[in-house]
Amino acid sequence: MMKYFLPRICIIIIYLGFSLQAQAQWYQYQWQVMGTSAKLELWADSKQRALFAKSIVQQEFDRIEQLMSPYIESSELSEINRLAARQAVIVSGELYAILEKSLYFSTLTEGAFDISFASVGHLYQYPKAIAPTDAVIDEQRKKIDYRYIQLDPEVRSVTFKERGVLIDLGGIAKGYAVDRAIQQLTTLGVKAALVAAGGDTRILGRRGEYPWMIAIQDPRDKQKAIIRLPLADVAVSTSGDYERYFLRDGERIHHIINPGTGRSTSSVRSVTIIADEAITSDALSTSVFVLGVKRGLALVNRLSAIDAIIIDDKGLLHYSDGLLMPALD
Ligand code: AMP
Ligand code: MG
């Protein structure tokens, strides 16, 4: 009897041991949210834990989209756009903090980052190749100015000082959502993960023994990586003229708007920013795109713990000082 059972028990123990161990692994998930594709990669002890972490991240992304999307009528952002030119609109502490942060980046970038770009921006429909006429752009761009957005911290309200002003958080909300997701994962005890929403990525820890390899894509060839950066515990955002665009008479009309002109800028093809938090890398990648190589690098070099890689309109690479190797004697 014993002779018969012992080998069987051994096999069961070995099998259980093997299957439990085999479940501690990297898990990868991808889904659509906020008009883009989201990605989660994490190391977890079991599939159950990985799925739980994924559901928490998904819920957080959905919640932020419901709060900040200009395409959802019931969002707080839509309410601001409907009412703030007529009355002070009281908003949640969370949205108020994002508005404050947006205005901080406007001041820092001398207006290159400006959420009121939407006063003109909402007239573009990239999938349908629709752009407003020059006359409309020139009229509407007078409504782009972050100084029209007035915040009152006492009552936590927002007011537009001008009629026709519209705001959109497309240049900062995905970065914020990625930061929130990383916070949630940390609370769950996850030690190594990557969260991305479109071009905004943040990584937690390392990828096992190695750093994470983050690719910067060739702006003119989706399949090709121009560089791979070995990174750990940082945020990386890339803004590119290839994300949402159409071509008209050879001109590339895309989604990053120069607040000064109401039109997309063409001096660079992509900007990648490395920072501690994705809210910062997101806002600055959009800003540096507008500022161009010279002014953009000057800004980044002035800031601590921020780096940039810019691909200009000829495909040439430019790096911030923090990424340059010291010259050999
Ligand atoms: P990103 O995807 O981070 O490069 O940001 C591009 C998005 O930011 C666009 O799709 C717009 O929603 C928004 N955006 C465009 N131009 C500006 C600007 N000058 N300042 C702030 N947000 C902008
Ligand atoms: Mg950005």
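Trainee: What span should the 16 residues of helix H4 cover at 1.5 Å a residue?
Mentor: This is a predicted model, so every value here is computed from it. H4 runs over residues 93–108.

Trainee: Which residues of H4 are buried?
Mentor: An α-helix has 3.6 residues a turn, so residues three or four places apart point the same way. Buried here means under 20% relative accessible area. The buried residues of H4 are Leu95, Tyr96, Ile98, Leu99, Ser102, Leu103, Phe105, Ser106 and Leu108.

Trainee: Which helices are included in what covers the buried residues of H4?
Mentor: The cover includes two strands, E4 (149–152) and E5 (157–160). It also includes helices. These are H2 (47–68), H3 (76–83), H7 (173–187) and H8 (278–302).

Trainee: In what order do the three strands of the open sheet stand?
Mentor: Strands of a sheet pair through backbone hydrogen bonds, either parallel or antiparallel. Here the pairing is antiparallel. The order is E3-E5-E4.

Trainee: Which strands stand at the edges of that sheet?
Mentor: An edge strand here has a single partner strand, so one side of it is left without a neighbour in the sheet. That applies to strand E3 (89–90) and to E4.

Trainee: How many bridges join E4 and E5?
Mentor: E3 and E5 pair in the antiparallel sense over two bridges. In that pair, isoleucine 90 has serine 157 of E5 as its bridge partner. E4 and E5 also pair in the antiparallel sense, with leucine 151 bridged to valine 158 in E5. The number of bridges between E4 and E5 is four.

Trainee: Which residue in the turn of the E4 and E5 hairpin has a positive phi?
Mentor: Four residues lie between the two strands of the hairpin. One residue in the turn has a phi of about 60°. It is arginine 156.

Trainee: Is arginine 156 buried, partly exposed or exposed?
Mentor: Arginine 156 is found in the loop between E4 and E5. Its relative accessibility is 37%. Buried is under 20% and exposed is over 50%, so a value in between takes the middle class. Arginine 156 therefore counts as partly exposed.

Trainee: Is alanine 305 buried or exposed?
Mentor: Alanine 305 lies in the loop between H8 and strand E16 (307–312). Its phi is near 60°, a positive value in a residue other than glycine. At 52% relative accessibility, alanine 305 counts as exposed.

Trainee: What distance does H7 reach from its first C-alpha to its last?
Mentor: H7 has 15 residues. The expected length at 1.5 Å a residue is 21 Å, and the reach is close to it. The distance is 21 Å.

Trainee: Which elements do the buried residues of H7 pack against?
Mentor: The buried residues of H7 are Ala173, Lys174, Gly175, Tyr176, Ala177, Val178, Asp179, Ala181, Ile182 and Leu185. H7 is followed by glycine 189, whose phi is positive, near 90°. The buried residues of H7 pack against strand E2 (36–44), H2, H4, strand E6 (193–197), strand E7 (200–204) and H8.

Trainee: Which residues is valine 33 in contact with, leaving aside its neighbours within four places in sequence?
Mentor: Valine 33 lies in strand E1 (residues 25–33). It is buried, with a relative accessible area of 5%. Its contacts beyond those neighbours are Ala38, Phe61, Asp62 and Glu65.

Trainee: What share of the 329 residues in the protein chain is buried?
Mentor: The chain has eight helices and 17 strands. Its C-alpha trace spans about 90 × 60 × 40 Å along its principal axes. Buried residues make up 48%.

Trainee: How far apart are the mean positions of the positive and negative charges?
Mentor: The accessible surface of the protein chain comes to about 17500 Å², of which 54% belongs to carbon and sulfur atoms. The chain has 37 positive and 38 negative charges. Their mean positions are apart by 5 Å.

Note on methods
Residues numbered from 1 in each chain as written. Chains lettered and ligands numbered in written order. Predicted model: local features only at pLDDT ≥ 70, side-chain atom pairs only at ≥ 80, totals over all residues. Heavy atoms only, no water. Buried < 20%, exposed > 50% of the residue type's maximum accessible area, 1.4 Å probe, protein only. Areas by Shrake-Rupley, 256 points an atom, 1.4 Å probe, with all protein chains shown as cover. Lys, Arg positive; Asp, Glu negative; His and termini not counted. Charge placed at Lys NZ, Arg CZ, Asp CG, Glu CD. Expected span 1.5 Å × (residues − 1). Contact = heavy atoms within 4.5 Å. Pairing = 2+ DSSP bridges.
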